[in-house]
Amino acid sequence: MLSPCSFELRSCTRFSFFSNCPRIFGNCIYLSGLSLRFPTRRQLRISASITAKPSSEFRKNKSTSPENDDDKISALRELFRKPNINVDAYIIPSQDAHQSEFIAECYSRRAYISGFTGSAGTAVVTKDKAALWTDGRYFLQAEKQLPPSWILMRAGNFGVPSASEWLNDVLEPGSRIGIDPFLFSSDAAEELEQAISLKNHELVYLYGPNLVDEIWKDSRPKPPNNHVRIHDLKYAGVDVSSKLDSLRSELRNAGTSAIVISMLDEIAWLLNLRGSDVPHSPVAYAYLVVELDGAKLFIDDAKIGPEVNQYLKNAGIEIRAYEDILSEIESLVAKGESLWFDKSSVSASIVNTYNLACDKYSGSKKFKNTDKVPAVVFKSSPVSLAKAVKNEAELEGMRQAHLRDAAALAMFWAWLEEEISSGVVLTEVDVAIKLNQFRSMKDGFLDTSFDTISASGANGAIIHYRPEPGSCSIVEADKLFLLDSGAQYVDGTTDITRTVHFGQPSMWEKECFTRVLKGHIALDQAIFPENYPGFVLDAFARSSLWKIGLDYRHGTGHGVGAALNVHEGPQSISFRYGNTTPLLKGMIVSNEPGYYEDHAFGIRIENLLYVKEANTPNRYGGVEYLGFEKLTFVPIQTKLVDISLLSPSEINWLNDYHKQVWEKVSPLLEGSAYQWLQKNTQPVVKS
């Protein structure tokens, strides 16, 4: 699945250094860290073998109130006039209070107010206008879903203003712009405040109920309240005590005494816990504060069963109410603690609470005649990078999960090809449901890792397309079919894309597919020096497309968690060169170049890879060289390959890959799936 832009625009690593020149406010010292995404009718037989559904259950009923779109906007604007609010505009981001990509349904505020359901986007409502910004993955989807009264801002296109630039243009100078400070990272809020100050606008933190929640009212879904579970040590590889010891060493080295962690996957990884609060992601809503002599987990205690409660107690972790996080920040300041904040993930509400507490206690007798004065280090979370570098147990879990997943996919593709060849009418939703059924038969299956992108023909050009019952397309035999899917297993997370044709592809489709494949092979075979960031590899995947003037509007690779989020940072492979995080041994990334013709078709080929040491004959400059090892083993359809465009070495790569697929996956199969795999892993020969 394609990476969200948020992993690619700005990233700090723990190799970043904070400024030697502290900023002092009152008695608080600040050390700032560097800030280095209608089927046609046919009189044919309908398949009746589809029963399982993915976690989202392809929901027909969205979290929307009975009001129409204009009523929602009008109700929101009415709130602007309240004396305790008094704003001229309101910004509604996609994120929850933890900057999550996937969020619980009750926090899908931007989707509720705008009707646009893509995972990335920002809505802005003024007293007389409404606009939505999203990136190239979602342009076509947004065109379909936005109400007529909304303005679609195609972020990244030439001449398209940012949200702050647009607000500066459409609002009178000195206007008040409201945000929910829980939904903006501290960095994002500061950047916004600076941008709108050019027109003397005021950024207003609205701590009361979220304005969208106020109009959503009783139709808003309830917050999740699911139990968390212990992630077995045989999959985690390192116990929670060892992880906390390592983190506390980082705190001491940074001159801090506590860190506030709000990213849900960081908390899950650090504590070896998993949850189910968020669709597709095995995490639970919580905050974590780790001090040198203890730790506190801020979570709804209804989610903590007896076993987990004892587990946390044994690890020295206290349980506190989720909503008490801001009072804890104030308490830490009152004790004179030196805090570590990652401003790219910690919310503006938390950092603002810290600032206000510093002002409150500045000059207090409590701090007189003592060296213990509250201080803060703004620096990337050390947990982010530690989580990204997988240990051997995590890698082995990923290998095993991918093999079971490959077997499920072989069973699925064998079924689908037989159904299509028999003239069975299947919608894109039918296909996605059936795929989930095959995966759910495998040991350790928990959930999908994202909503399946099942896209026939022109829908494949909608980069993050999601089929919906009643409006999706038939899977046509004479059109390209793109399937991007993944699963959460107890031991690993998968993400794979394959593009196939059930009939005879055109020469143009074959050329486009082959050039995407050439880029995929080039990145897979890349060898690069250690400490190089992912953006230096991005051109490998695009070069063959560039040679005939083609390209794609998304990054080439994203990080993937081990039995965690399908998208994780800080690493990425992208044309966006702002992410300087180096690719390190043990990191997992996707390799997913593509090509998309609007209103025609989409092509993408995706495998997951992990970074490993490369055995090079030389080591220039004494540095180590790195390469990739594949995790994904599912055939690539050779019918779509124009062999004449492949070099001998590329043909060897394809044949060797299919040989590995056969050797690794065939022992897990029997019957028609075994036969399908055998047929689709035969070597190709250049005539």
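User: At about what angle does helix α6 run to strand β8?
Analyst: This is a predicted model: local features need pLDDT of at least 70, side-chain atom pairs count only at pLDDT 80 or more, and totals for chains, interfaces and linings use all residues. Residues are numbered from 1 along each chain as its sequence is written, and side-chain values use heavy atoms, leaving out hydrogens and water. Helices (H or I, at least four residues) and strands (E, at least two) are DSSP runs numbered from the N terminus, contact means heavy atoms within 4.5 Å, and angles run from 0 to 180 degrees between N-to-C directions of axes fitted to C-alpha atoms, for helices over the stretch in contact. Helix α6 (residues 186-196) lies across β3, β7 (176-179) and β8, and its angle to β8 is about 145 degrees.

User: Which strands stand at the edges of the open sheet?
Analyst: The sheet has 6 strands in the order β6-β5-β4-β3-β7-β8, with mixed pairing; two strands pair if DSSP finds at least two bridges between them. An edge strand has a single partner, so one of its sides is left without a neighbour in the sheet. That describes β6 (151-154) and β8 (202-205).

User: By how many degrees are neighbouring strands of this sheet turned against each other on average?
Analyst: Direction is ignored for this value. The average turn is 25 degrees.

User: Which residue in β4 stands opposite Tyr90?
Analyst: Strand β3 (residues 89-92) pairs with strand β4 (residues 122-126) in the antiparallel sense, over 4 bridges. Opposite Tyr90, β4 places Val125.

User: Why do Trp413 and Phe481 count as an edge-to-face pair?
Analyst: Rings of Phe, Tyr and Trp (its six-membered ring) pair if their centres lie within 6.5 Å; planes under 30 degrees apart count as stacked, over 60 as edge-to-face and the rest as tilted. Here the centres are 6.3 Å apart and the planes meet at 75 degrees, so the pair is edge-to-face.

User: How many residues apart in sequence are the parts that this pair ties together?
Analyst: Trp413 belongs to helix α15 (residues 392-421) and Phe481 to strand β19 (residues 480-485). The pair therefore ties together parts whose separation in sequence is 68 residues.

User: Are Trp413 and Phe481 buried or exposed?
Analyst: Buried means under 20% relative accessible area, exposed over 50%, and partly exposed in between (1.4 Å probe, protein chains only). Trp413 and Phe481 are both buried.

User: Over which ring does the charged end of Lys343 sit?
Analyst: A charge sits over a ring if NZ of Lys or CZ of Arg is within 6 Å of the ring centre and within 35 degrees of the ring normal. The charged end of Lys343 is 4.3 Å from the centre of its ring, which belongs to Phe378.
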